[in-house]
There are 2 protein chains.
Amino acid sequence: MNHALIVAGGTGSRMGLGYNKVFAQLGSEPVLAHVIRAFERSANIDSITVVAGNPDAETVDADHGAVSEIAARAGFSKLRPSVAGGSTRMQSVENGLRALAPSDEDVILIQDGGRPFVSVELIDRVLEAADEFGAAVCGVRPKDSIQTISADGFVERTHQRSALLAVHTPAAAHWGLLREAREKARNEGYLDAPGYEDSALLALLGAKVKVVPSFYENIKITSPEDLVLAETLLNSREESC
Amino acid sequence: MNHALIVAGGTGSRMGLGYNKVFAQLGSEPVLAHVIRAFERSANIDSITVVAGNPDAETVDADHGAVSEIAARAGFSKLRPSVAGGSTRMQSVENGLRALAPSDEDVILIQDGGRPFVSVELIDRVLEAADEFGAAVCGVRPKDSIQTISADGFVERTHQRSALLAVHTPAAAHWGLLREAREKARNEGYLDAPGYEDSALLALLGAKVKVVPSFYENIKITSPEDLVLAETLLNSREESC
């Protein structure tokens, strides 16, 4: 069984919207509905669980209501009841995994709720790579050069851009592997390390995490400008259909 | 003296435009004119040189004509005659530096021709940092997590995003320092290493390169979507003026 976990636990603070960006309107429906639809359409996905509502945010009840409304309107057949988010992304994923209670052979796909342009093709390619190698992640080469800077704000080193990945979602892994990676991270105290996502934990476990090419349009909506860009991308997509 | 070198030697191949993206229309004038204007407006900039025309591209003559047209229309007072580009970004900068023939105490600012939202304030802050520390660069924290991947396409390590810089321009350095960094790079064979810019060469020389915060809107136009986003950013700017 292949289970999608869509993480939508943010608070919208970066957007200055006063509400979670996954509920912003994009075309005729919220960002999150676009995300769910891609997983609904993939023939390889068996269930979809949305993790929503940051317990530290005032919007927690509104967020749950918004997920219910999306589900009721669109009538997604694979959508399970939504699960309450945690204070961090990693804790949100944890809550989703507990609710799923998968078996070791199941594959878990983790998806950002704020990436409305995830495609069926990308989902299927990530799944295929996870099937072959145990785990997979997707991303693109960063557009800008990337440097590491020192704590006092000087350039330390420049990375070879051709060896870098700007990480997108979905990421996927067999539950047996992911469970082990999360246990190790919890025991060694880096489960909630900033900047780490599940693919990072898997790599730290020593698991093979295959990189699948994503595409630049698979943006994560984090600022008002991103939402404007997303509208433009959506319109140009519809014109080419 | 503070000299700006604006590098506009691309071929537009990534844009699928058939022409260099710095000549794409943005609002009422080409992208490059916005860039020149910011340097023209900074009271701390003494001269501006545009390096344009990739010798390997069919558009090389058209590019030189386009720069002349921008200069004639806008009447920029600090703009010097444009200089022919090289096959790589580093060679374009080299051509510009030769034409400038600066003295060791002069400061050189290197600017992407495709970043139309560079601001006078950012230029001045980069200059100030270069004056204080010898060299400076600007950038933002990457929005996505960044991982290093192996040659066969697996995740090798995840970087701490808080210590990373997505490099923007301008970058600036005293000519004495920059000359030394470029000489070392030439002698040791990494002058044209992919992904390296002048701030990378300076750091490899052991020079202090101070990091100045840029802003997310300081985008480099490399795809048709970027140009659409730039139009939107330009409109929202004009509305707020």
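**Helix packing and salt bridges in a predicted model**

In chain B, the axes of helix 1 (residues 31-41) and helix 2 (residues 60-74) come within 10 Å and cross at roughly 55°. The model is predicted. Over all chains, the count of salt bridges comes to 28.

**Helix 1 and helix 2 of chain B**

- Angles under 35 degrees count as roughly parallel and 65 to 115 as roughly perpendicular. Helix 1 of chain B and helix 2 of chain B are therefore oblique to each other.
- The crossing of helix 1 of chain B and helix 2 of chain B is right-handed.
- Helix 1 of chain B brings L32(B), A33(B), I36(B) and R37(B) to the contact. Helix 2 of chain B meets them with V67(B), I70(B) and A74(B).
- By class, six residues in this contact of helix 1 with helix 2 of chain B are nonpolar, none is polar and one is charged.

**Salt bridge R37(A) to E29(A)**

- Side chains of opposite charge can pair when their charged atoms come close.
- R37(A) and E29(A) form a salt bridge, with the closest N and O atoms 2.2 Å apart.
- Are the two partners buried or exposed? R37(A) is partly exposed, with a relative accessible area of 23%. E29(A) has 16% relative accessibility, so E29(A) counts as buried.

**Salt bridge R186(A) to E94(A)**

- R186(A) and E94(A) meet through their side chains in a salt bridge, at 2.9 Å from N to O.
- R186(A) lies in helix 5 (residues 175-188) of chain A, and E94(A) lies in helix 3 (residues 89-100) of chain A, so the pair ties together parts that are 92 residues apart in sequence.
- R186(A) counts as partly exposed, at 39% relative accessibility. E94(A) is buried, because its relative accessible area is 14% and buried means under 20%.

**Salt bridge R98(B) to E94(B)**

- R98(B) forms a salt bridge with E94(B), and the closest N and O atoms are 3.9 Å apart.
- Both residues, R98(B) and E94(B), lie in helix 3 (residues 89-100) of chain B. They sit four residues apart, about one turn of the helix.
- R98(B) has 61% relative accessibility, so R98(B) counts as exposed. E94(B) is buried, with a relative accessible area of 13%.

**A network in chain A**

- Which residues are joined into one network by salt bridges that share partners? They are E94(A), R98(A), R182(A), R186(A) and D198(A).

Terms used: Residues are numbered from 1 along each chain as its sequence is written. Chains are lettered from A and ligands numbered from 1 in the order in which they are written. This is a predicted model: local features need pLDDT of at least 70, side-chain atom pairs count only at pLDDT 80 or more; totals for chains, interfaces and linings use all residues. Side-chain values use heavy atoms; hydrogens and water are left out. Axes are lines fitted to C-alpha atoms, for helices over the stretch in contact, and angles run from 0 to 180 degrees between N-to-C directions. Helices (H or I, at least four residues) and strands (E, at least two) are DSSP runs, numbered from the N terminus. Angles under 35 degrees count as roughly parallel, over 145 as roughly antiparallel, 65 to 115 as roughly perpendicular and the rest as oblique. A crossing is left-handed if the near helix is turned anticlockwise from the far one by less than a right angle, and right-handed if clockwise. Contact means heavy atoms within 4.5 Å. Ala, Val, Leu, Ile, Met, Phe, Trp, Tyr, Cys and Pro count as nonpolar, Asp, Glu, Lys and Arg as charged, and the others, Gly among them, as polar. A salt bridge is a side-chain nitrogen of Lys or Arg within 4 Å of a carboxyl oxygen of Asp or Glu. Buried means under 20% relative accessible area, exposed over 50%, partly exposed in between (1.4 Å probe, protein chains only).
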